[in-house]
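Thanks for coming, everyone. I would like to walk you through one model this morning, so please have a look at the screen.

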Amino acid sequence: MSDLSERLAALTPEQRRVLGRQMRQRAARTGAPPADGAAGGAPARQSLYFFASADAVSAREYYRFVLDAAEQADAAGLHAVWLPERHFVDFGGHSPNPSVLAAAVAVRTERLRIRAGSVAAPLHHPARIAEDWAVVDNLSDGRAGISFASGWHPDDFVLARTDYTGRRADTVRIIEQVRAHWRGETLAHPTTAGGTAEVRTGPRPVQPELPVWLTSAGNGDTFEAAARAGCGVMTALLGQTLPVLRENIARYRAAWRRAGHAGEGDVVVMVHAYVSERPDLEDYLRPAMHGYLRAYRSQTTAPGEDEAVLLESAYLNFLQGPSLLGSPGKAAEVLGLLRTAGADEVGFLVDFGLPTEDVLAALPALFGCLPAERAR
């Protein structure tokens, strides 16, 4: 059977029970929330993170949803919104240029920080990155920030000015160039007409220094590279367990101190979020999460005979493990676990395939799990 729903339906009740038991055991090993709620607290800052799969919602509806959700987050006192950059695939495919969407969010909000989560640095000229985001900074009166990524899909590099194999070193270099342009420095860049041009970008941004993060899917070396460069880290629980996250954050803090930077740096963690007391929540979330995880896997892996079981396993791991999928009580405990792991900010990924009107209606329940006093 090739259709996912048919293959899921072919699982016997006993197979589902065994699968659920295995996933509960796995969640317990990888950092599921404690039953006694002892963790307590929450990361100091809370934000919305957008990364929808384009096959789940039309572009026009999605952009309206992003703006409406950002307005709710702004009114509720959240810290920021994070907007991705993706090309040529459904996963994140409605956001090929986060600065354009960020500009729209800027004029619909008043206090919410507006972040790229992230800009694939090797695909762009550093002067253009500085110019685009300086526009956002002016439209938002100084609320822009960028998490940079090195890019990972070879097909994306049809847009690149640099070689795929050198993307990580190029990213560090480009970050420093963007920072320099942001500060108003003049830099020399080669031209295709021969020679170089001395370039000073405009418009001048509102913020004297650009807030910068480096995106990591869970590679500890990237955490350390971010620390050495004096950048924050944007990461997610999609590609790492909670114990690994704790270890990576500890490595980041240690590398930050060794580099001699002031403070302790900054770590933002993206987590899937839908808070509800509805009794059918597991069945309600299943189609959306299966579709989202299928789109995520399809970037690198062709569907196999065991696709249905793998998707169900991953879904149950999210549901029963350290995600914000579930009741307010579970959400509060997971927020506490993220705080104790060292996260400074949690980004709520809310656009994983549910109907947009359902997500908007559920945001007050999510925001209700947060501290009454929120650090902006």
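In which sense do strand 7 and strand 8 pair, and over how many bridges? Strand 7 and strand 8 (residues 232–236) pair in the parallel sense, over three bridges, where strands are DSSP runs of E of at least two residues and helices are runs of H or I of at least four, numbered from the N terminus, and where pairing requires at least two DSSP bridges. Thr-215 has Met-234 in strand 8 as its bridge partner. Strand 7 (residues 212–215) is also joined by three bridges to strand 4 (residues 144–149), again running parallel, and here Phe-148 is partnered with Leu-214.

A word on the source: this is a predicted model, in which local features need pLDDT of at least 70 and side-chain atom pairs count only at pLDDT 80 or more, while totals for chains, interfaces and linings use all residues. Residues are numbered from 1 along each chain as its sequence is written, and side-chain values use heavy atoms, with hydrogens and water left out.

Turning to the helices, helix 8 (residues 242–258) and helix 11 (residues 328–341) pack with their axes 9 Å apart, at an angle of about 30°, the axes being lines fitted to C-alpha atoms over the stretch in contact, with angles from 0 to 180 degrees between N-to-C directions. The two helices are therefore roughly parallel, a label given to angles under 35 degrees. On the helix 8 side, Leu-242, Leu-245, Arg-246 and Ile-249 meet Leu-337, Leu-338 and Ala-341 of helix 11, contact meaning heavy atoms within 4.5 Å.

Methods: Parallel < 35°, antiparallel > 145°, perpendicular 65-115°, else oblique.
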